Amino acid sequence: MEFSTDIFSLFDRKWALLTAGTMDRFNTMTISWGGLGTLWNKPVATVYVRKSRYTHDFMENNGYFTISFYPQSYRKVLGVLGSKSGREMDKMNASGLTAKEVDGTVSFEEAELTVVCRKLFRQELDVANMPESVARDLYAGQAAHDMYIGEVVRLVQWTRWS
């Protein structure tokens with residue numbers, strides 16, 4: 001796999017959708033925390049999901065997930081998908097995005113790039129092991145995120161935007 005990007009701004013500035021499930025039943029949420037790298041001699045992606053998020057259940061119950069990135073023109077859509085719960089509304093219908101099956105899991109036709117991952121590892125982050133300012137400013141009595149690490153099994157770049 002060949003892939004070139006500004007790794008430090010990909011998640012933070014571009015944002016992404018984290019999606020888990022199958023075409024029959026899936027959920028997606030906007031993420032801005034994550035990373036790409038190498039672990040156990042494998043290319044990996046790392047994402048973070050709070051237990052309270054509807055997508056957490058899908059991450060727990062599925063072996064694969066996708067991380068998809070979009071043109072700037074989709075920023076408003078990603079904002080809605082990150083602020084509304086799939087438990088409370090049909091986010092997919094409201095988003096206008098077109099779900100697409102990719103390797104047994106789900107991404108969207110509008111994505112510029114989809115990273116398909118096989119789940120390798122999950123661990124709850126422990127606020128006691130974080131810098132005090134991070135625990136105070138980002139968690140303040142809330143549950144920490146679970147960290148998921150997935151082996152990158154495929155990169156999909158659709159030609160829709162070429």
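How many aromatic pairs does the count come to? Before selecting anything, note that this is a predicted model, in which local features need pLDDT of at least 70 and side-chain atom pairs count only at pLDDT 80 or more, while totals for chains, interfaces and linings use all residues. Residues are numbered from 1 along each chain as its sequence is written, and side-chain values use heavy atoms, with hydrogens and water left out.

**Aromatic rings.** The count comes to 4 aromatic pairs, where rings of Phe, Tyr and Trp (its six-membered ring) pair if their centres lie within 6.5 Å, and planes under 30 degrees apart count as stacked, over 60 as edge-to-face and the rest as tilted. Select Trp40 and Phe121, an edge-to-face pair with 6.1 Å from centre to centre and 80° between the planes. Trp40 belongs to the loop between β3 (34–39) and β4, and Phe121 to strand β8, so the pair ties together parts that are 81 residues apart in sequence; helices (H or I, at least four residues) and strands (E, at least two) are DSSP runs, numbered from the N terminus. Phe121 counts as partly exposed, at 26% relative accessibility, given that buried means under 20% relative accessible area, exposed over 50%, and partly exposed in between (1.4 Å probe, protein chains only).

**The largest core.** Next, select Leu18, Ile31, Val47, Met59, Phe65, Ile67 and Phe69, the residues with the most contacts inside the largest nonpolar core, which has 20 residues. Such a core is a set of buried Ala, Val, Leu, Ile, Met, Phe, Trp, Tyr and Cys residues joined through side-chain atoms within 4.5 Å. Among the elements that each supply at least two residues of this core are β1 (16–22), β4 (42–50), α2 (54–61) and β9 (145–156). A second, separate core of 11 residues includes Leu17, Leu81, Val106 and Ala111.

**Helix α2.** Now show α2, where Thr55, His56, Phe58 and Met59 are buried. Viewed down the axis of α2, its buried residues fall within an arc of 165° (taken from the directions from the helix axis to the C-beta atoms), so they line one face of the helix. The buried residues of α2 pack against β1, β2, β4, β5, β8 and β9.

**The whole protein.** Finally, zoom out to the protein, whose secondary structure comes to 5 helices and 9 strands, and in which buried residues make up 41% of the 162 residues.

Methods: Contact means heavy atoms within 4.5 Å.
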